[in-house]
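Follow this explanation with the sequence and the model side by side.

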Amino acid sequence: IPLYEIDVNGFRLPISISYHASGNKVDDIASTVGLGWVLNAGGAVTRTVNGYQDENNTLFGDPEPYICKYKTAEQLQQYSESQRLCEIFNIENGVDLESDFYTFNFNGISGKFAYNSNSELVLSSYDDLKISGGPRAGFNIKTPDGSEYTFFNGDSLMTNTIIYKSCWYLDRIITPNSDTIKFKYNKVSYVQGENHISYNCINATYDWKYIENSDVVGWRYLDKILFKDDTISFLYSARSDLRPYRLQNIIIKNSNGHIIKKIRFAQSYFESSGANPNDPATYKYRSRLKLDSLKFADPYSKTYQQTYYFGYNSTNLPPYFTDYSTDISYYGQDYWGYFNGVATNSHLIPIMNPCSNSSSVRTSDSIYMQATILKKIVYPTGGRSEFEYQANTNRSGVLIGGLRIKSIKNFI
């Protein structure tokens, strides 16, 4: 859904929200817009760490000034047996065996890149993009039209006392005409727990232990976009589920400070069984932010003249996992993490030999998989679109995780 388009001397940067139609997993956490929705404004470079972080420079026997080069099979043959073991098992002070993977998405352009064995950034596709920089200084991507996108400040993650950057947000754009579009962010830190259960099969029964890893997350959210003398402000308010803020308003002002457009996000929550808004400690595990409507204000009358309404599948997802909850509906998941409606699972292990009596049902269900999925959009004109979904299948016709659009019906 288009929200606004920045136009700086012919360079255009659209701002929109979009919805993914592949289904919502039990562990999915809603964005600042709502579950399943994403705000497309600016961009980011994110990474998946493989082994050590690429900027780690405490290398065994091969100190590098910046990037840890991973080793080929031929290079490993030149090492002593102990050195090879150190690399193969990637133990403490070992050499990083593989580059991290980096994914970028900005202004309709997306792709992946990584370091090769010569510490050069290499794209995974044949796009005509020039990438420079690195995980410490940030990245610069130049597009064929001459625009330069700089990615600098980003989110930090602390795991096992190691702090590293997990992504870099778009900091500025320099257009082909040398105009600058700047992006400003606010930062908040919070604890994000990763819950795990360790299973041990003894005498055809199983015992389990709850493990919680608390990671300190430094999360940045878009505050302003500055271009020419205009300003786009993103205003947030507190929310009740597992994230601190939700996007409530977008306000566009011209160089005179006059509001030329205002957009309001009306939100509520998908509520799992047993959700009690009066008990915040448990409600955050039983609710997920839901986008109900999107309203555009007339800058002159200051009233909302255009409204989009959204309707969703009425089946709710089970609560998130917590160590103190006795609700086992969380374990009603297929192999891909989608809700399958099974109410008898007490863990996520599909087969536990010799604990076969404790096996969980992880097959997919095409009905429950559609829990909380977007079903309808009502447009400001009064028309609407209705979406019908079907589950993915493998080559043998067996259901697998994830949805796709089966049909779209449009009504004027």
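A residue counts as buried under 20% relative accessible area, as exposed over 50%, and as partly exposed in between, with a 1.4 Å probe and protein chains only. The model is predicted, so local features need pLDDT of at least 70 and side-chain atom pairs count only at pLDDT 80 or more, while totals for chains, interfaces and linings use all residues. Residues are numbered from 1 along each chain as its sequence is written, and side-chain values use heavy atoms, with hydrogens and water left out.

Asn 9 is exposed because its relative accessibility is 55%. This residue sits in the loop between strand 1 (2-8) and strand 2 (11-19); strands (E, at least two residues) and helices (H or I, at least four) are DSSP runs numbered from the N terminus. Most residues other than glycine have a negative phi. Asn 9, however, has a positive phi, near 50 degrees. Asn 107 also has a positive phi, near 45 degrees, and belongs to the loop between strand 5 (101-106) and strand 6 (109-115). With a relative accessible area of 26%, Asn 107 is partly exposed.

Asn 50, in the loop between strand 4 (43-48) and helix 1 (73-76), is buried at 15% relative accessible area. A polar atom of the Asn 50 side chain lies 2.8 Å from the backbone oxygen of Ser 99. That is a polar contact (N or O atoms within 3.5 Å; within protein, one able to donate a hydrogen and the other to accept it, with residues adjacent in sequence counted only if both atoms are side-chain atoms).

How many aromatic pairs does the structure hold? There are 24 aromatic pairs. Rings of Phe, Tyr and Trp (its six-membered ring) pair if their centres lie within 6.5 Å; planes under 30 degrees apart are stacked, over 60 edge-to-face, and the rest tilted. Tyr 169 and Tyr 185 are stacked because their ring centres are 5.2 Å apart and their planes are at 20 degrees. Tyr 169 lies in strand 13 (residues 167-174) and Tyr 185 in strand 14 (residues 180-202), so the pair ties together parts 16 residues apart in sequence. Both tyrosines, Tyr 169 and Tyr 185, are buried.

Phe 321 and Tyr 330 form a tilted pair, 5.5 Å centre to centre with 50 degrees between the planes, and both residues are buried. One aromatic cluster includes Tyr 102, Phe 113, Phe 139 and Trp 168.

A charge sits over a ring if NZ of Lys or CZ of Arg is within 6 Å of the ring centre and within 35 degrees of the ring normal. Lys 165 lies over the face of Phe 152, at 5.5 Å from the ring centre, and Arg 384 over that of Phe 411, at 4.0 Å.
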